[in-house]
Amino acid sequence: MSLVQSVDNVALLPAYLAAGTAVLVLLADLLVGRAGATVAVACAGVVATGVGAVVVGAAGTRRTFCAGADCSWVFDGRAALVAGVFALLTLGVLGLSGPLLRGGPTPVGEYCFLLACSMTGGVVLGAAGDLITLIVALETLTLPLYVLVGLRRGSLASAEAAVTFFVVSVVATTVTLLGAALLYAATGGLHLGRLGGLLADAPDLPLIPAAVALLVLGLAFKVAAVPFHAWAPATYDGAPLPVAAYLSTASKLGGVVALLAVVQRALPAEVTGPVLALLAVFTMTVGNLVALRQRRAVRLLAWSSVAQAGYILAPLGVLALAAGRVDDVRAGAYAAVVAYAVFFVVVELAAFAALVALRPAGADGGTLADLRGVARRRPWAGAAFALALVGLAGLPPGLAGLFAKVTVVRALLDGGAGWLALVVALNAVIGLAYYLRIAATLYADPTPLPAAPTHPGESAALTPSGESAVTPPAGPAVAPGVGSGRVAWPVTVALTGATALAVVIGFAPQWVLDLASR
């Protein structure tokens with residue numbers, strides 16, 4: 001019998017393409033030394049990764065690195081969907097990063113390399129078949145983000161955000177690894193498919209509940225679920241806007257995929273179900289209530305994403321009930337989690353893309369007052385932002401967000417968790433308050449100038465003593481916090497693509513559900 005294990009290189013093709021993109025970006029930056037060429041290589045590699053994932057996934061389930069029936073790499077329809085979404089998110093963030101990279105202090109080669117490395121972790125994460133591969137992929141997704149968050153040189157907020165993210169993420173990883181180590185000590189297995197049977201047959205050891213709790217809570221940090229959420233608002237607000245967009249979408253998607261993998265295939269439902277139900281309730285409620293008080297745009301979107309994490313986790317709450325452990329109900333709940341996560345990250349990317357388009361190049365997200373009336377001056381970007389906000393609220397014409405909420409509620413009702421469906425509905429109503437408030441602010445009357453001009457070509461201002469002082473004209477009046485120049489074309493392309501994709505999946509939600517259920 002041969003001891004050499006055969007490797008299915010076709011199954012590994014998406015991971016090869018993603019990792020190859022990172023290497024090619026470094027070579028392009030070293031050999032060519034032009035920012036445009038480096039970004040072009042990164043975009044081409046990201047597109048190739050997405051196409052490769054779709055092609056491999058369409059051919060059916062492929063497995064490799066197997067020991068008997070246990071495989072460390074399982075690339076199926078859901079893995080292809082996850083890899084494709086990560087590629088789309090990375091491509092969108094590269095587009096949003098155009099103004100940040102053009103002539104700024106941010107090193108283009110390192111920036112694109114870190115994004116490509118993070119994308120590689122996301123691609124591997126969707127196909128991970130054992131705990132080692134899962135945790136390594138999740139850390140490959142997360143580690144480059146520590147540096148990306150702190151790339152706003154000279155910004156104290158950016159440095160604080162990077163340190164906060166690093167410390168919290170290291171603690172979360174330690175907790176996750178400890179849970180995985182305890183599971184291995186109790187069962188002797190690491191493959192996700194095998195762990196489920198081993199835990200069912202294992203004796204009633206106090207070690208197992210502790211291991212399950214540590215693993216679930218460690219992954220809850222990555223999803224920014226309450227009470228493990230405090231790092232998210234500060235980190236998002238301190239990071240550059242494109243990096244905040246990636247954190248709010250790709251990083252959260254990675255945490256959801258990892259959590260779903262261990263819950264669906266390894267951990268006992270009677271233990272994880274009640275914990276996830278409570279996490280979902282607290283997460284959506286705290287996220288929505290705190291979002292009502294926010295005055296900064298990125299912090300509001302950050303707290304909104306915390307609430308959205310609660311909606312994503314809600315279908316897993318049906319596992320707390322016996323009716324929710326029927327095979328069909330469980331399959332529907334798992335599909336609802338993946339589908340909602342996909343709907344959310346697409347609409348969230350559109351929201352951040354619109355915010356980047358409405359803010360000056362290289363600026364942070366600003367305050368809500370800075371966005372007052374911007375849709376009157378930039379109608380297309382304002383309309384895209386309003387559509388994304390309405391979608392996040394779950395209202396038409398944002399059909400993607402509407403179907404996402406319906407998918408979650410239907411999964412909860414099918415599992416007999418009517419009380420949890422009611423909590424989701426009540427929180428959705430609370431979310432309307434701040435989503436619609438931002439949308440109304442976009443179309444409100446702009447803030448008037450302090451005083452009327454006293455002479456042609458001059459304007460009046462008040463001195464600290466209250467007397468009128470005449471100041472010379474300073475060019476066209478621009479609302480505070482709103483850029484006066486044209487939007488960079490990469491941002492326009494990213495915004496158009498994200499909005500169009502949100503509209504398309506809103507009209508074809510069943511396609512996402514079908515892929516999520518495979």
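**Cavities, pocket and contacts**

Reply: By class, the second largest cavity is lined by 6 nonpolar, 3 polar and no charged residues. Ala, Val, Leu, Ile, Met, Phe, Trp, Tyr, Cys and Pro count as nonpolar, Asp, Glu, Lys and Arg as charged, and the others, Gly among them, as polar. This is a predicted model, in which local features need pLDDT of at least 70, side-chain atom pairs count only at pLDDT 80 or more, and totals for chains, interfaces and linings use all residues. Residues are numbered from 1 along each chain as its sequence is written, and side-chain values use heavy atoms, with hydrogens and water left out.

Me: What makes a space a cavity and not a pocket?
Reply: On a 1 Å grid over the protein atoms alone, a cavity is a set of points where a 1.4 Å probe fits but cannot get out, whereas a pocket is an open set with protein on both sides within 12 Å along at least five of seven lines; lining residues have an atom within 4 Å of a point. By this rule there are 4 cavities of 30 Å³ or more.

Me: Which residues line the second largest cavity?
Reply: Gln308, Tyr340, Phe343, Phe344, Val347, Gly391, Leu392, Gly401 and Ala404 do. The largest share, 4 residues, comes from α14. The volume is about 50 Å³, where a volume is the space filled by probe spheres set on the grid points, joined across faces, edges and corners.

Me: Why is Gln308 called buried?
Reply: Its relative accessible area is 2%, and buried means under 20%, exposed over 50% and partly exposed in between (1.4 Å probe, protein chains only). Gln308 is therefore buried.

Me: What makes the link between Gln308 and Tyr340 a polar contact?
Reply: The side chains are joined at 2.5 Å. The term asks for a pair of N or O atoms within 3.5 Å; within protein, one must be able to donate a hydrogen and the other to accept it, and residues adjacent in sequence count only if both atoms are side-chain atoms. So 2.5 Å meets the distance limit.

Me: Which residues does Gln308 contact, leaving aside neighbours within four places in sequence?
Reply: Tyr340, Phe344, Leu392, Lys405 and Tyr435, contact meaning heavy atoms within 4.5 Å.

Me: And what is the volume of the largest pocket?
Reply: About 580 Å³. Of its 23 lining residues, the closest to the centre are Cys43, Leu91, Leu94, Gly95 and Pro490. The lining has 17 nonpolar, 5 polar and 1 charged residues.

How values were computed. Helices (H or I, at least four residues) and strands (E, at least two) are DSSP runs, numbered from the N terminus.
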